[in-house]
Structure formats: C-alpha cells, structure tokens
Amino acid sequence: MTTGGAERHGAVNALTDVAGLRVGHAQRAGDGWLTGTTVVLAPEGGAVTAVDVRGGGPGTRETDALDPRNLVQSVEAIVLTGGSAYGLDAAGGVMAWLEEQGRGFRVGGPGQVVPVVPAAALFDLGRGGDWSARPDRAMGRAAVEAAAATPEGAPVAQGCVGAGTGAVAGGLKGGVGTASTVLPAGTTVAALAAVNSSGSVADPDTGALWGALPRWADEFGLDGSPLPAAVHDRARQRLAALARRPPLNTTLAVVATDAVLTRAQAQKLAGAAHDGLARAVRPVHLLSDGDTVFALATGRRPLLTPDALATTDPAFGVHLAAGALDAVLAAGADVLTRAVLHAVLSAEGVRGPGGDFPAYRELYEIPRADGG
C-alpha cells in the first residue's frame, strides 16, 4: 500500500506487520465501566525492549528493568492499561499466563522463570461512572490470551478498545490506533498508541488535526487544512458547553521494528518516537500526563546486510550503520504520529454518567471512509 508518495505500509498497516508480534485487547463498557487493557505479545524468547518516560505523572511497572545497564535482555510482553496505578494489576494476569507457558527470564531448571512484564497505565478512572471499575489480573489475562489466539500478521482492532476504551484526548474521545511503514531497505517499523492526552489533538483555531500532513491524505482523508468555518464554529460551541475536568491523562505507545537493535539503540528509538507524539498532540509531556513509549526490536533483520558493509570503506562503516539506524528512528516518529491519527479517527463518542466525550469525526462532521 502506498500513500501520497513513496511511503509503503505493511500488509495490515499495524504493529503486527512486525513479524512475530501479536496484539490482544480486553475491555468492559457499560454498568459503570469504561476501561480496558491492551497486551503486545512478543515472539517466544522475547524481544529487545526499552522505554522512554517523559510525562510528569507516569504510572509504570518494571520500567527500570529495561535500562540498558541492567540484566534482563528481552521481555515477552508489554501491557498498556487503563485504571491509572490501580490498573497495573493487569500485568499480574499476563505474568501468570507467561509463567504457565514457561516464558520469561530463566532463573533455574525447567519452568523456573520470572516473566518480566513492563506495564504503563493511563488515567480513565470514573469515566464510565464507577470510580472502582478498573482493569485487574483477570482483564490482563484475557488480553494476553486474546493476543496469543490471534494469527501472526492479523489486523489490530482500533478505536475504543483495550487501553483506549476510556481514553480521552483533549476533551475528545481517544482510543487505540496503529500504523506501520516498510523502509526502502526492507525494514519494518510500526507503532501502536493508546491516546489519552491532556493536550489537544486538533488546532483550536481551525479544527485541523495537528498530525495530519498532505502526504498522508490518502490514508486519512485529511491533509491538515482548516475545516470549514461553520463546522468549526459548531464544534467549538459544543466543546465549550462540556463540563471541564481535571487534566489527568497519559498517552501510551509501543514502537517496534524487525531490525536488530541493541538495548541502547532501542532506547534511542523510544526517545525519537516521542517526537511523533509531540507532532500529533499539543502540548505534550505535561506534569498531568504520564506519556510513555516502549520500543521493541525482534531482531529478524540486520540493520545492514553483509553485502552493504563489504562495499564500504571500513573506516566509514560506522557512518553507514548510523544512517541505517537514523532511518529507523525517523520512521518511528512518523508511525507514532500516524498511530495517533488512526486512534482519534477510529474513536466513537461516549455519553454517559462519567461524562460526554464526543468523537472527532462526530464533532467535525467528517464521514468515515466506509460511509459510517
């Protein structure tokens, strides 16, 4: 698939275009609930993993284990969850499932493993009406079981699913979105985001999505141009009428590649991907956000082929390798911006006891590509 130029997407334009990765969601809505959990399941044996936390109010688990200076080299799963710090319990259900499969950091004989399950939570407490309705171990287990049951390379559900079920983006309904790209060298880079931001995803003066670009117009049906004045005025009036709430949020993301990366390089990828978040959400990385990006590298494809190295002066090999890594870093930022756009455009509005959260498409009168 191509859009607007030379960019090429993976087969399903999703995180699962990185071979070996699977995504599973579990959620509950209604009867006071509006929350969920998303699990990214790595190939058996794990993937090199890193994290970059830039929000001022993060809720995380096992992120220190991902420091390149520390022992654990790879992890089997990452958990993105609602429920604020309470929702981190979901990681316990994922950990229990992995232990049953014999997957994790080996500390002894057969079956003696400690699954390291990094997790990050976003704030959605009370958005369904019941403050105590939040993800738990059972929901985490349901999400990882859903991931394990999904065929490799399957499409990923987007919108108000998993960790995006109760997400809100600057007063609009947030959700889960995903995107991928295949670089000219054949390396795949992809991202998945649960968008729950204090900052706005749209320009308050024009209604245009911050992250929309002309070269992606075929993919999103939007190019960043100002929306019609009458439409924007109606949207602004409705937003002004909504009850204002404390800006307790957090956007969570996973960016992944099939390239061989060291843990330090993976950490650089997580950091570079934050640039993509900053292009799509303004402002970002606030004290009331816990914005967190994980990076996964499955190591199925070398950054540089032996042939490429063989035709290069050895003195410049390091620069060639740096250039290949730079291409992955730049792509990581772009795919995260596109994942945020998919999340916002896939979301459906929610109105209930926990609040009125209109969807961007609804508010700005933008029809879906399928006519919905």
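The model is predicted, and local features need pLDDT of at least 70, side-chain atom pairs count only at pLDDT 80 or more, and totals for chains, interfaces and linings use all residues. Residues are numbered from 1 along each chain as its sequence is written, and side-chain values use heavy atoms, with hydrogens and water left out.

Helices (H or I, at least four residues) and strands (E, at least two) are DSSP runs numbered from the N terminus, and two strands pair if DSSP finds at least two bridges between them. S5 and S8 are paired in the parallel sense over 3 bridges, and Thr81 lies opposite Ala121 in S8.

Of the 11 residues of H1 (residues 90-100), 8 are buried, so the helix is largely enclosed by the rest of the structure. Buried means under 20% relative accessible area, exposed over 50%, and partly exposed in between (1.4 Å probe, protein chains only). The buried residues of H1 are Ala90, Ala91, Gly92, Gly93, Val94, Ala96, Trp97 and Leu98. They pack against strands S2 (33-41), S4 (59-61), S5 (77-81) and S8 (119-121), and against helix H2 (137-149); contact means heavy atoms within 4.5 Å. Gly102, which follows H1, has a positive phi near 70°.

A further open sheet has 5 strands in the order S3-S14-S13-S12-S11, again with mixed pairing. S3 and strand S11 (175-182) stand at its edges, each with a single partner strand, so one side of each is left without a neighbour. S12 and S13 run antiparallel and are joined by 6 bridges; Ala253 in S13 is the bridge partner of Ala193. H5 lies across S3, S13 and S14, at about 40° to S3.

A nonpolar core is a set of buried Ala, Val, Leu, Ile, Met, Phe, Trp, Tyr and Cys residues joined through side-chain atoms within 4.5 Å. In the largest core, of 54 residues, Val201, Leu209, Val255, Leu336, Val340, Tyr360 and Tyr364 touch the most other members. Elements giving two or more residues to this core include strand S12 (188-195), strand S13 (252-259), helix H5 (263-280) and helix H7 (317-346). H7 contributes the most, with 13 residues. Apart from this core lies another, of 30 residues, including Ala14, Ala163, Leu192 and Phe294.

The structure holds 1 cavity of 30 Å³ or more. On a 1 Å grid over the protein atoms alone, a cavity is a set of points where a 1.4 Å probe fits but cannot get out, and lining residues have an atom within 4 Å of a point. The volume of the largest cavity is about 30 Å³, counted as the space filled by probe spheres set on the points. Among its lining residues are Gly32, Trp33, Leu34, Thr35, Asp124 and Arg127.

Conventions: Axes fitted to C-alpha atoms, helices over the stretch in contact; angles between N-to-C directions. 1 Å grid on protein atoms, 1.4 Å probe; cavity = no way out; pocket = protein on both sides within 12 Å on 5 of 7 lines; lining within 4 Å.
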